[in-house]
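Please examine the sequence and the three-dimensional structure shown below. The explanation that accompanies them moves from the whole chain to individual residues.

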Amino acid sequence: MQLKNYDPFPTTLPIIIEDSTFLYPFMITPLFLTKREDVDAVSFAMENNLLVFIATTRDEHEGSRDISDINRVGVIGSIMRKVPIPDGRVKILFQGLGKGEIISNELDVSIEGNYNFNSAVVDIIENREYDEVKINAIISILNEKLQQLSKIQNQIPQDLLKTISDTVEPYRVADLISSLLKLSKSESYRVFQEQDIEKRLMSLLDIIITDIESARVEKEIRSKVHNKIEKTNKEYFLKEQIKEINRELGQDGQREEEIEEFKRRLELIKSDISEDGYREVKKQLDRFTRMHPDSGDAQQLHTYLEWVFEIPFGKFTGKDLSVNDVESELNRDHYSLKRPKERVIEFFSVRELANLRGVSIDKSGAILCFYGPPGVGKTSLANSIANALKRPLIRVALGGLEDVNELRGHRRTYVGAMPGRVVQGLIDAKSMDPIIVLDEIDKVGRSYRGDPTAVLLEILDPEQNREYRDYYLNFNIDLSRAIFIATANDLATIPAPLRDRMEFIELSSYTPEEKMEIAKGYLIPQELKRHALKRGEFRISDGALKLLIDEYTREAGVRDLRRKVASLMRKVATTLLRDSSVDRVNINVRNLSKFMDKKIFELSKVDKSPLVGVVNGLAWTAVGGDVLKIEVIKIKGKGTIKLTGSMGDVMKESAHIALSVVKLLIDRGELSVEEDEIYNKYNLHIHIPEGATPKDGPSAGITMATAIASTLSEKSVDSRVAMTGELTLTGNVLPIGGLKEKLIAAYKAGVKRALIPTKNYKRDLDDIPEEVKSHLKIDPVDRIEDVLSKALL
């Protein structure tokens, strides 16, 4: 017995009282707990690595905690997993290890810290000695009777019968057979608590013989029903004759054929559709049969039945999950994206391992959401996953969606009603387990027609999407076999309850070097095929490609770069057609301007010489990072401050904080200036160029403080230095977001040294590409004094 590895028995164990499910020592069973005492018992046992004892209540005493109302013999085991459920219950996975008995006279109430639960002294029930020859004979008869019962009922799994026949340990045989038979709770306990294995096996034999007799009686009844079926066949024959007569008379029998076809298709999906679904469809089909074919309701029901029978109930792809296939597909279709690929592979590794070991895993919270700037490969990652799993991919575009009925389906009372997008996606996929991509989930709108995010809560919750109800169909559909993947650009616009259902994987900006490799390995070969060009007919040098990336595109991803490459190839195709003497076109730095329009984005490089009051700040934008110069001048006045450059409220507050911090440094003598209280004798004007572009956020705090300090102290700022960080009134530097994009922008602008918050340095430096780190000195700063000492010359 596995319990020998634990503390010696008898011992005191936490007690869980189960009202409905009867457990056996070999079972791994999910249980749903509602009582506080049971939940506390589980929590205490898991924290202290203890076993628990599960006892069942006697009939008509469910919910009682009195020792006289529960069965003393039960199962000792361990808690494998505990998961809270939104409806307030707690789901546990319990593994039975052995048979035990409560030997104390009362259930104790144990109070351990915050936990309040029942406990009792429990002892193991050891297996008794038995006559092996006699027991083997009884088991042989049991196996024979089970085979007879299986042939009559056709409900007993053959693999379980084989397991029982292969098992030689009689106590385990008794447990397996007991779990197989449909016994009441009291009858299950009567057999289970019997310690004499011979008596226990004989009791099971009596029960099986009784079941065999009952099954034979049922079979006789079914044979009598067969006569009624023959009558139905006769009616079918007569109906067919009527159809032929109508056809000879010139009357159309198409409607009857259509009704029979609907009935045939309904019977085909009966085993795969839910019980309420079968009743609903049958009810509507019966209504359709009784209606006049020319009525409006008949046309409506005809459309409804066609939609229902298009849904692929019971159809699955059947492809086994393979992590190696997923990994090779991701690597073949995408360059870089190391961390997102690793997380996707980990996600499917858990599922494959569970499938191989036959373990049922809890998939709550397992909805992936790829987020990041446009064009970095969010949707294409989902495409690659679908290709690797050989599953169809359904894209549900959520951008601007305001009407709940677009997802839920319209009720059939409306003119032009149809199922929701999810159900239509299943129909298009012709499978119940597709990859469903919920694209742009952050752009779902709200209106008087409802909140679509509330529907998404049900779709993305594995506890609820097993019974997803479409308003048009008016019955539940199981979406649990589908894999949902969401994409988003901005997480801030996603409601918190919806964020809680998903696990986010960030796809950040590509570096220029990564864009070069993507263009060479993916974009150019793909566009050559799309433009019917041969590999040797189009050549572009590395220098020209780098210039195309730096000065003709400005984006975090590569979508615009693909368009520029396609534009080049169109011009090359035109050149080849117009001049037959040209067999190839080489594009380099010198002739790139002939094929492209004027430069759209010229990356502003940092100033070559240091200036007073001009500091390089690092900013994050939706298309990647950027370097923004912050300019400050002083004008004789009374110490006022003027802010220009389309600053938001948070950035304006950062400017006032920066001024206050610099004033404090001057007052303490930590920043030398030419005049006392100079900040009261001059007005300051702070400006951020590109005034038409709105700017906001706290990360320019240390940049503004450095620019103000430089202006008041007349000290130049190192033009090769860029910085980012939020500043507090006490002079501390707080962490910021978007560090990777900011440092990539600094590298592209020719910055040699970047000042970043120390917390970002410790936390995020591993995410920075090696290409950037090798060309850029990155210094951590904790205080504004550190910033000024490194930036001011």
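This is a predicted model: local features need pLDDT of at least 70, side-chain atom pairs count only at pLDDT 80 or more; totals for chains, interfaces and linings use all residues.

Residues are numbered from 1 along each chain as its sequence is written, and side-chain values use heavy atoms, with hydrogens and water left out.

The protein chain has 26 helices and 27 strands; helices (H or I, at least four residues) and strands (E, at least two) are DSSP runs, numbered from the N terminus. Its radius of gyration is 37 Å, well over the 28 Å that the globule rule gives for 793 residues, so the chain is more spread out than a compact globule. This radius is taken over C-alpha atoms, and the globule rule is 2.2 Å times the number of residues to the power 0.38. Along its principal axes, the C-alpha trace spans about 105 × 85 × 55 Å. Of the 793 residues, 47% count as buried, where buried means under 20% relative accessible area, exposed over 50%, and partly exposed in between (1.4 Å probe, protein chains only).

Helix 4 (residues 170–180) is mostly covered, with nine of its eleven residues buried. Among these buried residues are Y171, D175 and L180.

How do helix 10 and helix 11 cross? The axes of helix 10 (residues 323–333) and helix 11 (residues 338–357) come within 9 Å and cross at roughly 165°. Helix 10 is therefore roughly antiparallel to helix 11, a label given to angles over 145 degrees. Such axes are lines fitted to C-alpha atoms, for helices over the stretch in contact, and angles run from 0 to 180 degrees between N-to-C directions. In this pair, V323, V326, E327, L330 and N331 of helix 10 meet K341, V344, I345, F348, S349 and E352 of helix 11; contact means heavy atoms within 4.5 Å.

Two single residues complete the picture. V589 lies in the loop between strand 16 (585–587) and helix 20 (592–595), and counts as partly exposed because its relative accessibility is 48%. The C-alpha atoms of V589 and L547 are separated by 7.3 Å, although these residues are 42 residues apart along the chain. D560, in helix 19 (residues 559–578), counts as buried because its relative accessibility is 18%. Leaving aside neighbours within four places in sequence, D560 is in contact with Y552, T553 and E555.

Notes
Angles under 35 degrees count as roughly parallel, over 145 as roughly antiparallel, 65 to 115 as roughly perpendicular and the rest as oblique.
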